[in-house]
Amino acid sequence: MFDSHLTRRNFMKTSASVAATLAASQMGPFARPAHAARDKELNILCWEGYNSAQVLDPFRSSKSANVKAESLTNDPTMINRLRAGEINVWDLINVNNPWARKVMMPEKLIKPLDRAKFEPYFEKMLPQFKPPYKWAMDDSGKELLGMAQRFGPYSFVVNTDKISRKTAEDQGWDLFNDPKLAGRFGILESDDWNVFGICAIAGFDPYKPHSPEEVAKFEETAKRVLKNKKVVGDIATMNQALISGEIDCHLTGGSYSVSPARADGHLNLRAITPNKGPFAGGKGGIAWIEITSVVNNPQGSPLAETFLEYVQDPVVAHTVAFAEGTFNPVAQMGNPECFKLFSKEQLDAIQWDSLDEEMARSVEYDIVPDYDKLLDIWNAAKKS
Amino acid sequence: MSGDSSFLAQPGRRAAIPIMVLLLLGFVAPLLAVVGFSFMPPRTFGLWHEPSLENYERIFSDNTYVSLLWSLGLASLTVVLLALICYPVAYGLVRVFGRWSTALTLLFTIPLIVSENIRLYGWVLFFIKGGVLPGTLKALFGVEMGDFLFTPAAVLFGMVYVYLPFMLFPMTLGIAMVPNQMREAARDLGASRWQVFREVELPLSTPGLMIGSLLTFVLAVGAIAEAKVLGGQRIIPITHDIEIAFTYAQNWPLGAALAVLLMLVVSVLVLTVLKRFDLDQILGKR
Amino acid sequence: MSKPILQLKNVRKAFGTLAAVDDVNLSIGEGEFFTIVGPSGSGKTTLIRMLAGMEKPTSGDILLHDKRINDTPANERPTCMVFQSLALFPHRTVGQNIEFALKIRNVDPAVREKRARELMQQLHLPADYYSKNVTLCSGGERQRVALARALAFDPQILFFDEPLSAIDYKLRKTLEKELKDIHRETGKTFVYITHSLEEAMVMSDRIGVMRRGKLIQVGSPNEIYSTPRSRFVSEFMGDVNVIPVEANGAGSVRSQSLGASFKVLANSVEAKAQCLVVRPEFLRFLDTPADAQNSLRGILYNEYALGSRIQYQVRVGEKVFLVEKLRQQPFKGKLDDEVLIGWDPENAILVADE
Ligand SMILES: Nc1ncnc2c1ncn2[C@@H]1O[C@H](COP(=O)(O)OP(=O)(O)OP(=O)(O)O)[C@@H](O)[C@H]1O
Ligand SMILES: [Mg+2]
């Protein structure tokens, strides 16, 4: 989900999509015959995983549908593409928890689901998803905005051969303030999460408005952490660097990022959720939950809801959990039918043993009020 | 070009219209969109806001120049290194394989079918601690390799590696196109092998060198994966800035302004060079 | 012939199984203007490239001033070549091209320029061409630049490989004369290759004729012209009437195809296959057979104006004879008339049929 294989080609694609968006938004009504039948067509904008053939192919063949999925590596990009006119293009959008309720619904970018039809699925999920599940509901608590599936803690990752799990959990984010760690840690490139991490290292909660002193502290911390880092890179680079010993730990990461390495047998690499930290209620870490919503597309495909039901199926949910690239717990593991499909190795890969306590020690991903400002500071700090 | 009363008077130009329209739609239109975006207020997503210069002001007031300098500096160094590496290789190829040498250099482009990222990850595995190179050095000679991966030197290495075919091919072509009789004539006039090289072969193969250099420079200025993968983002080239603006920062207008700036700088540089070295004159065309 | 400067001893050059130059023996004198002629592919270029040092003989020896130079590289030989393509350096100006050899020898730039300007004047190149790009020069001007560049080298021998072949007739004539003048003025040895007999005749002291890699006859233009040793040489030297004949007793030969016998100079008849060669200008129109010792009856078939002369084609049986007369004394006969042509023995030669 936070992997970023961003290359020049991707950059070209992004630039092209700017142009395409432009065209789409300007020609909107003319872009497509007004009422083209879309009942055999489904477009999904999602994080990596839902676009895999393992997940999509059975759906394609059973519905003989033409399913297109594009994976992106951060939430704001996806939402801004809807804002810029692609609301006419996509049927489903899969982003992290706060966006549906706090942004997309108020902006009418998505539309509610039929509660009677979908709420029963939440009953079968893990206990924390019992309906009404906060992140799936609108502010009023009346409307169901989307379905939950993948989730996980996401703070940092250590090589427990070098730094013990206990030390890491006890020291928490302060680990990265330790001058002795200079040159021995990496940063997983994922700028939004990096901002959360720097706030935590600086000692304050990211998800609240920040005083000028805190902003100054953020800048100082960002520069220091960037100066001391060994490498910034994607998931593959982080795992490789951990395995080879280039680094001992890396900022930003969790079961999502380290699970491929753990599945490969490197169980000494471990996602860490600090025991305590600067988050609300003194919690130590951050967790994410994906919510998949139906886009408020004027010519939305009827297959959107069908697909949401399809991924609730125990077998499909298991496939989603272990789709290509990264492996994650899914809410559907609350259903024994689904849980029994996970092997011991798979449970080890996603750190099932400590998942509950880690989730309990984590706050949930949220929107940073002054994100733009902090992000600009962070990006400028990369160059100093 | 000059005295023609109508631009479309020549049949050739009329025949070119479909191509021009295609170019206009496929190339100029997106370009205009980018230019247009660069004048929009920061963090907006449409083209119909009041135009502003804010993005450009910001570029010139913060440390964007650092990325630009890295990009230009690394690209220039890449070109210089490639010229130094490829010339002898191309020269040797032409000497040994004659007119087959150009076809042979095409073999060097075969790796291009493998994605650049995958090739670069290959090098990460080569240079990483305990990887192929450090592992071998340690096992065979007991020496510890100093830090190379995740340094600017590694970025440069990656760029030289990735863009090598783009220098080698035009260069080999350039050297292969030097008529053999030029060498013979120079030799007959008393020139030693070295003098033949310096006085005849080198100047006559400069078009290849120039084309290769321009090509690799333009490509290398647009490089991003090398700094990300091999450099571990120790340095941020301008292209990475642009990418950040279009993705995490969601500041399309800023990204567009950066892209416009990069295009301008590169165009000015390339045009200046092209003007200084008139290719036609070097080639001896009228 | 003056003292030899260049000698070739059994020189042979093979490309694979093909002997491009085959067992050539030759001696070229100092200051001589020696021309090699021969049809395309006869090995002229290969021979001259060996002399210039761009190709090594497969066997045999090349001697310069009696010293073997087979293995001396081109840049160490006191010789210089003007290529058919001229091989001027396109990235250099006229001046820089001419000065090239001097620059190679590290001659002072001022001295270089002075010498280049002298040569330009000698070769009728305008002075302001000094800094002109060679590629902007006309064909004739480039020719002169190429020659100047070679002369600046100050070689003992200058080689030319068909330098004028791509130039129009009038300019070629002018340049031929200039070349001859330069030869006289410089006194250097010139070895010249051409396809054109005319060119060879005008300029050379001696001519060598090549055929299939072999040097088949060497002699002064006059010798080659008037006493060709073979049918090939005589035919190569221009339009001639050639009649295959066989010996027919002393002072007489017989042509099977024409069914006629001809009187010839007694001492030239040999047993092997021979050809009777009669130059067109030595054939005459006769009033009666008694007007010449040999005569043939034919049909006036065609006539061509050749500048100062007129050529008539006369058909005798299957064979066409060429008769040439000066323009001032044209033959009065009409086309398709029956005519009588003839010659005397001293105006014909017998050559080997090869
Ligand atoms: N480098 C070479 N390799 C193989 N064969 C060659 C080479 N150079 C010349 N030959 C052959 O040798 C023969 C003589 O060639 P050469 O060029 O000497 O002829 P030439 O008399 O100069 O002909 P032209 O009048 O057409 O220039 C030709 O059959 C040619 O194909
Ligand atoms: Mg030749």
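This is a predicted model: local features need pLDDT of at least 70, side-chain atom pairs count only at pLDDT 80 or more; totals for chains, interfaces and linings use all residues.
The contact between the two chains draws on 45 residues from chain A and 44 residues from chain B. The size of an interface is often given as the accessible area lost when the parts come together. For chain A and chain B this buried area is about 4,100 Å², with carbon and sulfur atoms giving 57% of the total.

Polar interactions were also counted across this contact. Six salt bridges are found between chain A and chain B, and one of them joins the side chains of B:Asp147 and A:Lys230, with an N to O distance of 3.0 Å. Between these two chains, 16 residue pairs are in polar contact, where both residues have pLDDT of 80 or more. On the side of chain A that touches chain B, the elements that give two or more residues are the helices α1 (8-27), α3 (75-83), α7 (191-202), α9 (235-244) and α16 (371-382), together with the strand β7 (231-233). The largest share of this side comes from α1(A), which provides nine residues. By class, the side of chain A that touches chain B is made up of 14 nonpolar, 17 polar and 14 charged residues.

Chain C was considered in terms of its domains. The assignment divides chain C into domain 1, covering residues 4-231, and domain 2, covering residues 239-347, and the C-alpha centres of these two domains of chain C lie 39 Å apart.

Methods. Residues are numbered from 1 along each chain as its sequence is written. Chains are lettered from A and ligands numbered from 1 in the order in which they are written. Side-chain values use heavy atoms; hydrogens and water are left out. Domain bounds come from an automatic or database domain assignment. Contact means heavy atoms within 4.5 Å. Buried area is the accessible area (1.4 Å probe) that two parts lose on being put together, summed over both. A salt bridge is a side-chain nitrogen of Lys or Arg within 4 Å of a carboxyl oxygen of Asp or Glu. A polar contact is a pair of N or O atoms within 3.5 Å; within protein, one must be able to donate a hydrogen and the other to accept it, and residues adjacent in sequence count only if both atoms are side-chain atoms. Helices (H or I, at least four residues) and strands (E, at least two) are DSSP runs, numbered from the N terminus. Ala, Val, Leu, Ile, Met, Phe, Trp, Tyr, Cys and Pro count as nonpolar, Asp, Glu, Lys and Arg as charged, and the others, Gly among them, as polar.
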